[in-house]
Amino acid sequence: MSLRAEVYSFDSFETASIEELRELQLARLSSMLARTYERVAHYRRKFDAAGVQPNDLRSLADLSKFPLTTKEDLRQNYPFGMFAVPMDSIVRVHASSGTTGQPTVVGYTQGDIRTWAGLIARSIRAAGGKPGDKIHVAYGYGLFTGGLGLHYGAEQLGCTVIPVGGGFTERQVQLITDFKPDIIAVTPSYLLAIADEFDRRGIDARKTSLRIAICGAEPWTDGMRDEIERRMGLQAVNIYGLSEVIGPGVGQEYVADKDGLTIWEDHFLPEIIDPDTGKSLPDGEEGELVFTSLTKEAMPIIRYRTRDLTRLLPGTGRAMRRIERIKGRSDDMLIIRGVNVFPSQIEGVLANIPEFAPHYILEVTRPGQLDELDVLVETRTPAAPHTEAALARQAEHMIKALVGVTSTVRAMPPGGIERSQGKARRVIDKRPKG
């Protein structure tokens, strides 16, 4: 079977019934648990300590009996202790960097690469892409999974890949202008930086060849989507993934609906848990997203805590469920004077003030006994000092009313906040540690 033919065999599951999908999931889950228990010492120890065995799985609901996996588990088994195959079966290694501790390392067999490419091909097609399209990949290449993940999947779908990578914003604009791609794959914050460069050059970005933006790798709001679509004249859709699970391609938003990410449940089994207790929650309740891989060969993952906060929703015209737009991350939540604050909440407030651009930074300090929150946000056009002050007061009032926290907002001139060339850094926490 050719690689192209395998794409369409994967896609047949998109229209499976719920009964067919659950039967497939249970069969794949049972096989994966048995293989992982036999081959990965970490999971064997965890299962034994929890008093469960692979044959205790009788239904999908029984998965909740098995222990959760955290990023710390992966770091403690650095670099290759979580692999379920010998190293001579590993054809690629990726890693995600972290601010503390060891990076998390993931491996892939040749079969994993084919599966991953097929899932990305499916995702691009759901986003509105088709064979023959040119796709400008502005995700980073290298150990980060974004660039190579989109690259292989686009080739498998039959697209022409322009492997630009991240950074060099002037070149991004030049290549979009000259090569006339149909699709751009990029973080949403960096796409706005590209839009700024179009403006700086006096080029109307709405008149380029781009018709689709596949955006992921960081949380983004509907307000940011509106901004991207207005300035770029295209359809912006969400892609979701984690390197620990496989990379991008775990879920994708359909361009026809734009109503949340459809999880490719024939390969990844999602759950929602209470982030404090670890208790499983029913569909529709908000909590932390957890994934179990069903087909990964090199490094199967069981009940991996993503730290992403969302809820599971019914599928739209298909059995595979959706997740609501990610609210934030449980480990990104700021507690300021006893109030839980997510950057996305602040972003949502700022998006309701038309004079503000979607470029902001949150600075948290503790000069005395109490935490203080400074919000730095750019204006769209240069403004007089009294106008900046009035906008800042308006934002402070709205943040207090809608988020419940007191803040000091500083309006910055256009270009006053450093642009991201990948994932945006939204929070600078300057509070003393410990």
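This briefing describes the overall build of one protein chain and then a selection of its residues.

The structure is a predicted model, in which local features need pLDDT of at least 70 and side-chain atom pairs count only at pLDDT 80 or more, while totals for chains, interfaces and linings use all residues. Residues are numbered from 1 along each chain as its sequence is written, and side-chain values use heavy atoms, with hydrogens and water left out.

The chain has eleven helices and 22 strands, where helices (H or I, at least four residues) and strands (E, at least two) are DSSP runs numbered from the N terminus. Its radius of gyration is 22 Å, close to the 22 Å that the globule rule gives for 434 residues, so the chain is as compact as a globular protein of that length. That radius is taken over C-alpha atoms, and the globule rule is 2.2 Å times the number of residues to the power 0.38.

**Overall build**

- Taken along the principal axes, the box filled by the C-alpha atoms of the chain is roughly 70 × 55 × 40 Å.
- Of the 434 residues in the chain, 54% are buried, a term that means under 20% relative accessible area, with exposed meaning over 50% and partly exposed lying in between (1.4 Å probe, protein chains only).
- Among the contacts in the chain with a separation of 6 or more, 65% are between residues 24 or more positions apart, and contact here means heavy atoms within 4.5 Å.
- The chain exposes about 18,400 Å², of which carbon and sulfur atoms supply 52%; accessible areas come from the Shrake-Rupley method with a 1.4 Å probe, and for residues only the protein chains shown count as cover.
- The chain carries 54 positive and 57 negative charges, and their mean positions are 2 Å apart. Lys and Arg count as positive and Asp and Glu as negative, while His and the chain ends are not counted, and the place of a charge is taken as NZ of Lys, CZ of Arg, CG of Asp or CD of Glu.

**Aromatic pairs**

- The structure holds seven aromatic pairs, and rings of Phe, Tyr and Trp (its six-membered ring) pair if their centres lie within 6.5 Å, with planes under 30 degrees apart counted as stacked, over 60 as edge-to-face and the rest as tilted.
- The rings of Tyr 108 and Trp 116 form a stacked pair, because their centres are 4.9 Å apart and their planes are at 10°. Tyr 108 counts as buried at 0% relative accessibility, and Trp 116 is buried with a relative accessible area of 2%.
- The pair of Tyr 240 and Phe 291 is tilted, because the ring centres are 6.1 Å apart and the planes are at 40°. This pair links distant parts of the chain, since Tyr 240 is in strand S7 (residues 235-242) and Phe 291 is in strand S12 (residues 287-293), 51 residues apart.
- Both Tyr 240 and Phe 291 are buried.
- Tyr 37, Tyr 43, Phe 47 and Phe 66 are linked into a cluster by ring pairs.

**Backbone details**

- Tyr 78 and Pro 79 are joined by a cis peptide bond, with omega about 0°, and Pro 79 is found in the loop between helix H4 (71-76) and strand S1 (92-96).
- Lys 258 is not a glycine, yet it has a positive phi of about 50°. Lys 258 is found in the loop between strand S8 (247-253) and strand S9 (261-263), and at 23% relative accessibility it counts as partly exposed.
- Arg 307, which is not a glycine either, has a positive phi of about 70°. Arg 307 lies in strand S13 (residues 304-310) and is partly exposed, with a relative accessible area of 27%.

**Surroundings of selected residues**

- Thr 104 is found in strand S2 (residues 104-108) and counts as buried at 1% relative accessibility. Leaving aside neighbours within four places in sequence, its contacts include Lys 71, His 94 and Glu 244.
- Pro 54, in the loop between helix H3 (41-50) and H4, is buried with a relative accessible area of 15%. Beyond its neighbours within four places in sequence, Pro 54 is in contact with Leu 33, Ala 34, Tyr 37, Phe 47 and Phe 66.
- Gly 404 has its place in the loop between helix H11 (385-402) and strand S21 (408-412), and is partly exposed with a relative accessible area of 32%. Apart from its neighbours within four places in sequence, Gly 404 is in contact with Val 339 and Ile 399.
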